[in-house]
Amino acid sequence: MSGNLPPGVTASDIDDHYGPSVPSHDHRWVPANRPGFVLEDGAAIFHYVCEWAPTKSVDMGKYGTEDIAQGPECGNERSIRLETDAEAEAVEAVEISGSRGVHDTAGLNVVDIDPPEPGRADGRLEVEADGYTVVYNE
Ligand SMILES: [Zn+2]
């Protein structure tokens, strides 16, 4: 974390004064591509990013209180791969956005999706493409 600091001021000076820019926290994982996945090299890869940011409760008078972000989001990233061992070449490098429900992108139809999540790595994805059915599992 560097950013635009005045000359002679380092990020660690800021941390010394205000504490670490990203305090320790329980990561709050959200899908990085709203939710979706990438099919690549015979695997379905789900990307997640931590959206946690330090907040401060501010009294908004009659509007109640609101949590205002006090620093940058954590931004930590994590990927989870689901592998397939069959017909891997049938589906290559397709990026799909969207979550549960019916998809039809580039001739590829998502039959079933149970996205893996950080902390719960088991997941399942079943797609149909060109008459193939490909199942990705943890
Ligand atoms: Zn985090």
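F46 belongs to the largest nonpolar core, a group of 16 residues. Within that core, F37, A44, F46, L82, L125, V127 and Y136 touch the most other members. At least two core residues come from each of β2 (36-40), β3, β6 (77-83), β9 (108-114), β10 (124-129) and β11 (132-137). The largest share, four residues, is supplied by β3. As general background, nonpolar side chains in soluble globular proteins tend to be buried together.

Let me now step back to the whole chain. Its secondary structure amounts to one helix and 11 strands, and along the sequence the order is α-β-β-β-β-β-β-β-β-β-β-β. Of the 138 residues in the chain, 14% are buried. Among contacts with a separation of 6 or more, 50% join residues 24 or more positions apart.

I return to strand β3, which spans residues 43-50 and includes V49.

The next strand to consider is β4, residues 55-59. How many of the five residues of β4 are buried? The number is zero, and β4 therefore lies largely in the open. β4 pairs with strand β5 (residues 65-69) in the antiparallel sense, over five bridges. One of the pairings involves D59, whose bridge partner in β5 is T65. Five residues sit between the two strands of this hairpin, where G61 adopts a positive phi near 65°.

I close with confidence. The chain has a mean pLDDT of 74, with 68% of its residues at 70 or more. Over residues 92-104, however, pLDDT stays under 50. The model has 24 contacts beyond four places in sequence for that segment. Where pLDDT is low, the predicted coordinates should not be read in detail.

Definitions and conventions: Residues numbered from 1 in each chain as written. Predicted model: local features only at pLDDT ≥ 70, side-chain atom pairs only at ≥ 80, totals over all residues. Buried ≥ 20, exposed ≤ 12 C-beta atoms within 10 Å, placed from the backbone. Pairing = 2+ DSSP bridges. Contact = placed C-beta atoms within 7 Å. pLDDT = per-residue confidence, 0-100. Core = buried A, V, L, I, M, F, W, Y, C linked by C-beta atoms within 7 Å.
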